[in-house]
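Me: I have a model here and want to go through some of its labels. Can you take my questions one at a time?

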Amino acid sequence: MKLSVVIPAYNEQESLPQTLQTLYAALSKHAVPHEIWVTNDNSKDNTLEVLANLSKEIPTLVYETNPGPNGFGYAVRYGLERFSGDCVAVFMADLSDDPEDLVKFYKKMVEGNYDAVFGTRWGKGGKVYDYPMVKKVINRMANFIIRVIMGVKYNDTTNAFKLYKRETMEGLKPFLSAHFNLTVELPLKTIVRGYSFAIVPNSWTNRKYGESKLKIKEMGSRYFFILMYCFIEKTFSRGDYRKKTQK
């Protein structure tokens, strides 16, 4: 099963070399057939030049520039519309996600034939390093609200680091989110639409370079919109969008 790793990148010239080299080394070590798909989201620094140089040493690297509209959600969606693998993971350009965790996700999906594999940083075995306290408080509150409204036990919906089969991703379309709320839309639709999933603990490490692209003040209403959409679909759609099972 070929794995595609979609990485949105905006002004990540400092982070990308270590991120892509470490990711490629881990997937190669475990003999995971893969492609590394990077969306350059119209970066204003030398991200594109860095990608061109890295492509000479990483044979599985594929990259394109998203001409617009731009933003995290659009950049991820650009890759999700173009990847070539049998399954696809969303991975951060700043190496906050651990490539070894991605290998665990992949093996879990293969062994259990799950439609998706979700990471959790807050359950048994999960770890966070240098996580900003204000961000942590907001994260836990947001995930608690999601759990209560949606009636799910999963405790890290806002974590972007997840793995989906191609068929699952197709079943989640059309995408509605243009920003970081895409990280909530994908797993909630997966759950509401009846796709199988496993939960695997993972780690998160704060970025070494650059600035976080997540602007919390701008995202509250957008997260709430997606949460309400998924709640309405779950409550009133009568299963019209649920996974179709073969008889």
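Me: What is the strand order of the open sheet of seven strands?

Reply: The order is E3-E2-E1-E4-E7-E5-E8, with mixed pairing. From one strand to the next, the twist averages 20°. This is a predicted model, where local features need pLDDT of at least 70, side-chain atom pairs count only at pLDDT 80 or more, and totals for chains, interfaces and linings use all residues. Residues are numbered from 1 along each chain as its sequence is written, and side-chain values use heavy atoms, with hydrogens and water left out.

Me: What makes E1 and E2 a pair?

Reply: Two strands pair if DSSP finds at least two bridges between them. Strand E1 (residues 3–9) and strand E2 (residues 34–40) have seven bridges, in the parallel sense. Therefore they pair. One of the bridges joins Pro-8 to Thr-39 in E2.

Me: Why is Asp-115 called buried?

Reply: Buried means under 20% relative accessible area (1.4 Å probe, protein chains only). Asp-115 has 8% relative accessibility, so Asp-115 counts as buried. Asp-115 lies in the loop between helix H4 (99–112) and strand E5 (116–120).

Me: Which backbone nitrogen does the Asp-115 side chain reach?

Reply: That of Ser-196, at 2.9 Å.

How values were computed
Helix = DSSP H or I, 4+ residues; strand = E, 2+ residues; numbered from the N terminus. Buried < 20%, exposed > 50% of the residue type's maximum accessible area, 1.4 Å probe, protein only. Polar contact = N/O pair within 3.5 Å; in protein donor to acceptor, adjacent residues only side chain to side chain. Axes fitted to C-alpha atoms, helices over the stretch in contact; angles between N-to-C directions.
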